[in-house]
Amino acid sequence: MMLLLTLPGSGGVWEEGKHAENGQKWRSLEHKGPLFPPEYEPLPSSVSFLYNGTPVILRPATEEVATFYAKMLDHEFTTKEVFQNNFFTDWKEVMTETERQLISDLSQCDFSNIHKYFVEKTEEKRNMTKEEKQVLKEEANKLTEEYGYCLLDGHREKIGNFRVEPPGLFRGRGEHPKMGKLKKRVQPEDVIINCSKDVKIPEPPPGHRWKKVQHDNTVTWLASWVENIHGHIKYIMLNPSSKLKGEKDWQKYETARKLKLSVDSIRSEYQSAWTSCEMKQRQYGVALYFIDKLALRAGNEKDDDTADTVGCCSLRVEHINLHRHLDSLDYVVEFDFLGKDSIRYYNKVPVEKQVYKNLKLFMNSKNPDDDLFDRISTTYLNKKLNEAMPGLTAKVFRTFNASTTLQEQLNQLTTGQCTWVSWPILAYNRANRAVAILCNHQRAAPKTFEKSMQLLQEKIKKKQEEVEKAKKELKQAKKEHKQLPSEVLVQKMEKTVKRLLEQLKKLQLLETDRNENKVIALGTSKLNYLDPRISVAWCKKNNVPVEKIYNKTQRAKFAWAIDMADENFQF
DNA sequence: CAGATGACTTGAGCATAATGGG
DNA sequence: CCCATTATGCTCAAGTCATCTG
């Protein structure tokens, strides 16, 4: 599917991107290849690894893997059995025969000297003088300047990740069965370079050669290699600020906006599927209902060697509980499962009676670990969706519902007598938060949360006292000047009270804002789900500088939207 | 047509830089 | 101005979905 994206009157660079017929992503591509991490530097001889209490000298390759473990010593996951076993198995594979003979028990390994050495090293680095830090910074800038950019169709574009990932110990999210495995060092011989034919081919590091150099302009990556933990391909790609990525992003939101036109008919279609005589259709109807109503992810099947997480289509019977009545509500579904990144999804949702009845039916005579939607797959779901509207897939609903929610919330919070109107940024955050909650974007509560809340509360108390004091003084002054109520002093005091009250109100709103934000992450939805044109238009309409909403990076990513959206844009 | 592969988006957490209050 | 707190950028894992393959 190719959307032809044109915007009347906008002119400029964003209309150029029309060459994507037959899947061509670029005409010319030139870059310097990825930057490799520095070679391993052996430990000074004074830092020793102990086995059974006695120092053992390891060959550099073995020692390097030992340092990976040593560096992680104060992380909780090094205490996990899976982590230790995976590490030890992979470490032994790196050892020489002699080393392997000796080191047969991880619990006899003492990495504490190595750990201490690295702690000291970070400390040293922290204590470097400003000048030394400056030198380091300049060196880093030089590398970014050299490797961080490429030339795509004649435009200099920022690369997203120009560094090859360094070796280390794999730490997946959640209870990952492969945690602790050795993530091997990537060599130039593992790397495929993608660039145009007529251009200077990047030099491999001295003494090395590339795995392959190809010239495929139907893909957007500059380099790739296969990672050894799962055998997945890793890519070097462009930064979100690039034209290539920007146009793709724009297209994504245009697809979501197109859903607006057919969402009513799609909704009534899946609702009628709830009473279909075919079980498969009923499952389709209920699954899509969840995706639409709750913004669940599609839920593809996963490999066994990954953490046990689910999305909509992979929900199992054990992940929901049905309540005929709950908290004065009827037909409540209680969801409790681990989603992407092993983030818990917990929600109690009242549903239509027919949905409830169907869920009972789907669960009938199944085991807890059986699939809830056993007759459908994400492939089937997406095939049906694509028939309903070209380009429509499950994830479009997330974008659609997120952006629609933002638009509605902004319209609501910034009109009328609502208290948020006076502080539009807080209103915006609140709208953003409604979306983040919908999408279940969570974060760990900040370490200093309680402390900073306490501080804020003290501030509020102080301000309250100030208000009281000012009010009293005003009263007193009024009394004293009863015969002269228009006295300048009284007016001034009235102003002070008013100002203090405003400040108090703002602090209290800030407190609400912080509290509501404790475990909610706004960044992900802002970056991936909210049509930036909604925000840009809102800024213009409310005279809020766009810088208050988007920082420099975000403005670069959303340059296309800032460029084209006027204040009348509606999602 | 199921399963594998490939390309690309989405995601949380962490290191570092920037900021602002004492 | 300095230190602590917050904001930003980076990292790399983990999803989605289209296409390939046998």
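Select domain 3 and domain 4 of this predicted model; between them are six residue pairs in polar contact, both residues at pLDDT 80 or more. A polar contact is a pair of N or O atoms within 3.5 Å; within protein, one must be able to donate a hydrogen and the other to accept it, and residues adjacent in sequence count only if both atoms are side-chain atoms.

Next, colour the domain 3 side by secondary structure. Helix H6 (243-273), helix H7 (279-294) and strand S15 (344-350) are the elements that give two or more residues to the side touching domain 4. Helices (H or I, at least four residues) and strands (E, at least two) are DSSP runs, numbered from the N terminus. H6 provides the largest share of that side, seven residues. By class, the side has six nonpolar, one polar and six charged residues, where Ala, Val, Leu, Ile, Met, Phe, Trp, Tyr, Cys and Pro count as nonpolar, Asp, Glu, Lys and Arg as charged, and the others, Gly among them, as polar.

Now display Arg533 and Glu254. Their closest N and O atoms are 2.6 Å apart, forming a salt bridge (a side-chain nitrogen of Lys or Arg within 4 Å of a carboxyl oxygen of Asp or Glu). Across the interface of domain 3 and domain 4, one salt bridge is found.

For the whole interface, domain 3 and domain 4 bury about 1100 Å², 52% of it on carbon and sulfur atoms. Buried area is the accessible area (1.4 Å probe) that two parts lose on being put together, summed over both.

Move to helix H4 (residues 112-126) and select Arg126 and Glu123, which lie three residues apart, about one turn of the helix. Their side chains meet in a salt bridge, 2.5 Å from N to O. The structure holds 23 salt bridges.

Finally, select Phe87 and Trp91 in helix H2 (residues 81-94), four residues apart. The count of aromatic pairs comes to 28. Phe87 and Trp91 form a stacked pair, 5.3 Å centre to centre with 20° between the planes. Rings of Phe, Tyr and Trp (its six-membered ring) pair if their centres lie within 6.5 Å; planes under 30 degrees apart count as stacked, over 60 as edge-to-face and the rest as tilted.

Residues are numbered from 1 along each chain as its sequence is written. Side-chain values use heavy atoms, with hydrogens and water left out.

Definitions and conventions: Chains lettered and ligands numbered in written order. Predicted model: local features only at pLDDT ≥ 70, side-chain atom pairs only at ≥ 80, totals over all residues.
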